[in-house]
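Here is a set of questions and answers on selected features of one protein model. Please look over the sequence and the structure before reading on.

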Amino acid sequence: MAEQNKKSNYTSNRSKKAETTEESGRLQPQAREMEEAVLGALMIEKDAYSITSDILRPESFYDKTHELIYSAIQDLASQQKPIDMITVVEQLKKRGDIETIGGPFYIAQLSNKVVSSVHLDYHARIIAQKYLARELIRFSSKVASKAFDETIDVEDLMQEAEGTLFEISQRNVKKDVQQINPIIKEAIELMQIAAQRTDGLSGIQTGFKQLDKITSGWQKSDLIIIAARPAMGKTAFVLSMAKNMAVDFNIPVAVFSLEMANVQLVNRLIVNVCQIPGEKIKNGQLAPFEWEQLDYKIKELFDAPIYVDDTASLSVFELRTKARRLVKEHDVKCIIIDYLQLMNASGMSFGSREQEVSMISRSLKGLAKELNIPIIALSQLNRGVESRVGNEGKRPQLSDLRESGAIEQDADMVCFIHRPEYYKIFTDEKGNDLTGKAEIIISKHRNGATGDVLLSFKKEFARFQNLDDDQLVGEFQSRLNSQEELVPPPSYQERNFTIEAGADNLPF
């Protein structure tokens with residue numbers, strides 16, 4: 001008994017020493033009595049561990065002794081063994097930690113300090129909150145210390161800091177279980193709203209009729225991957241879609257372009273909307289009828305709820321911060337990322353690029369759920385497509401997704417863009433003309449059907465549109481081309497627009 005008391009005193013003294021480890025003269029956030037109460041309850045109540053397993057981890061405990069004991073309890077639970085005072089002591093012996101924690105006597109003391117687990121959930125959450133507070137203190141102290149070190153690059157420190165903070169927040173994001181009744185009520189309300197819509201859609205319209213018919217529109221909280229080989233028109237597709245959403249349906253959309261600058265992206269939108277070749281937009285050498293066309297069509301883009309961010313090498317932490325602000329301040333309903341492989345998880349270490357991409361795709365899915373909006377991320381495909389022959393062989397497959405199988409796993413929907421004419425294939429097996437056509441191949445649809453959608457692709461205008469829109473566009477173009485009597489226009493700066501709002505913010 002004397003030996004046990006000696007060990008107990010050793011543990012108590014060591015714990016007190018830990019308590020005096022202070023930051024700026026203040027004690028670290030802690031709840032030692034609650035830690036003792038939780039551990040005691042775990043050893044006297046049969047199913048108590050199921051309550052704490054989703055809330056606590058060994059490192060959540062401030063006292064190192066308690067961390068070792070909870071780790072032993074965790075081992076027993078994973079082995080599906082009973083958890084009580086005897087089994088915990090035996091497990092600590094196997095781990096070689098029994099003497100470190102003060103012997104069986106200390107375990108007995110913990111068991112005697114609690115009579116039930118009635119408030120176990122509440123106590124466990126307080127311990128978890130104290131742990132999170134200590135993590136934030138540790139994080140901020142580390143950043144402050146490095147900020148004083150003039151040998152450390154500030155940009156690198158910022159990247160490391162935001163990555164570490166993101167990792168802390170990801171580890172501690174928890175959502176309580178809900179009873180099904182309010183969820184059923186919400187589901188019925190959504191059905192009623194959808195029933196009132198004349199288009200029969202329940203999600204966000206893309207403007208592509210057949211695509212909307214299969215998907216019922218992009219759904220809230222979905223991660224949608226749109227993948228293709230280079231030059232297939234990934235950016236053109238999402239910009240055509242963003243234009244449809246914002247201009248035709250007044251749906252606020254945010255576009256994060258990691259590949260192009262803001263002005264380049266807006267120029268692509270002008271080419272798309274005004275249907276003027278890109279090189280003419282760049283050099284300003286427009287024919288008289290094209291100036292008229294620009295005047296007539298660019299009105300659509302003024303005040304359109306499209307928000308563009310061209311931050312290079314965007315990190316998942318930066319995206320999360322900006323996305324939250326966009327949803328809160330501008331009520332953004334859809335986010336587009338061009339493209340996933342250019343993102344990074346800065347400040348976090350990975351064994352391979354594949355692991356980093358996996359982390360990014362998981363984070364995007366988590367963000368879509370958190371904000372309850374669809375997130376559309378473009379993705380590259382590997383070169384396996386190029387080595388296959390024939391139209392069917394060139395069609396992308398899920399296995400072609402580049403760098404990570406986790407993209408396929410995390411995505412609610414995976415769509416591929418396939419343009420047969422890019423591979424000099426101009427007819428399908430039935431002899432149908434494929435010139436100027438693009439297939440949107442829905443290969444994965446977690447909550448619906450898969451299928452193919454055929455769209456028209458205007459390469460010179462970087463524009464995707466419905467097949468039945470071709471005739472309307474042709475009529476409009478012919479009407480403008482017939483106006484040969486128009487005099488050469490003045491310089492663009494001298495032109496009068498019928499729209500005043502936004503005229504000072506022209507991108508050229």
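Rings of Phe, Tyr and Trp, the last taken by its six-membered ring, count as a pair if their centres lie within 6.5 Å. The model discussed below is predicted.

Q: Which residues do ring pairs link into a cluster?
A: Such a pair of aromatic rings is described by the distance of the centres and the angle of the planes. The structure holds 6 aromatic pairs, and ring pairs of this kind join several phenylalanines into a cluster, whose members are Phe208, Phe237, Phe457 and Phe464.

Q: How many residues apart in sequence are the parts that the pair of Tyr49 and Tyr70 ties together?
A: Among the 6 aromatic pairs in the structure, the rings of Tyr49 and Tyr70 have centres 6.1 Å apart and planes at 40°, so this pair is tilted. Tyr49 belongs to helix H3 (residues 49-52) and Tyr70 to helix H4 (residues 64-78), so the parts tied together by the pair are separated in sequence by 21 residues.

Q: Are Tyr49 and Tyr70 buried or exposed?
A: A residue counts as buried when its relative accessible area is under 20%. Tyr49 has a relative accessibility of 17%, while the relative accessible area of Tyr70 is 0%, so both Tyr49 and Tyr70 are buried.

Q: Is the ring pair of Phe457 and Phe464 stacked, edge-to-face or tilted?
A: Phe457 is buried, with 7% relative accessible area, and Phe464 is likewise buried, at 2%. Planes under 30 degrees apart count as stacked and planes over 60 as edge-to-face, with the rest called tilted. The centres of the rings of Phe457 and Phe464 lie 4.6 Å apart and their planes stand at 45°, so the pair is tilted.

Q: What is the volume of the largest cavity?
A: Rolling a probe the size of a water molecule over the atoms shows where empty space is left. A search of the whole structure finds 1 cavity of 30 Å³ or more. Its lining is made up of Phe139, Lys142, Val143, Lys146, Leu157, Glu160, Ala161 and Thr164, with helix H7 (120-147) and helix H8 (154-172) each supplying at least two of the lining residues. The volume of this largest cavity is about 50 Å³.

Q: Which residues of helix H14 are buried?
A: Helix H14 spans residues 288-297 and is mostly covered, since 7 of its 10 residues have under 20% relative accessible area and are therefore buried. These buried residues of H14 are Phe289, Glu290, Trp291, Gln293, Leu294, Asp295 and Lys297.

Q: What is the accessible area of the nonpolar patch that includes Ile184?
A: Ile184 lies in helix H9 (residues 180-196) and is partly exposed, with a relative accessible area of 39%. In an α-helix there are 3.6 residues a turn, so residues three or four places apart point the same way. Ile184 forms the surface patch with Ile180, Ile183, Ile188 and Met191, and the accessible area of these residues together is about 460 Å².

Q: Where does Asp303 lie?
A: Asp303 is not a glycine, although its phi is positive, at about 65°. With 61% relative accessibility, Asp303 counts as exposed. The place of Asp303 is in the loop between H14 and strand E5 (306-309).

Q: Where does Lys424 lie?
A: The phi of Lys424 is near 65°, again a positive value in a residue other than glycine, and Lys424 counts as exposed at 66% relative accessibility. The place of Lys424 is in the loop between strand E8 (413-418) and strand E9 (437-445).

Terms used:
Residues numbered from 1 in each chain as written. Predicted model: local features only at pLDDT ≥ 70, side-chain atom pairs only at ≥ 80, totals over all residues. Heavy atoms only, no water. Patch = residues over 30% accessible without salt bridge, like charges linked within 9 Å, V, L, I, M, F, W, Y side chains within 5 Å. Areas by Shrake-Rupley, 256 points an atom, 1.4 Å probe, with all protein chains shown as cover. Salt bridge = Lys/Arg side-chain N within 4 Å of Asp/Glu carboxyl O. Helix = DSSP H or I, 4+ residues; strand = E, 2+ residues; numbered from the N terminus. Buried < 20%, exposed > 50% of the residue type's maximum accessible area, 1.4 Å probe, protein only. 1 Å grid on protein atoms, 1.4 Å probe; cavity = no way out; pocket = protein on both sides within 12 Å on 5 of 7 lines; lining within 4 Å. Points joined across faces, edges and corners; volume = space filled by probe spheres on them.
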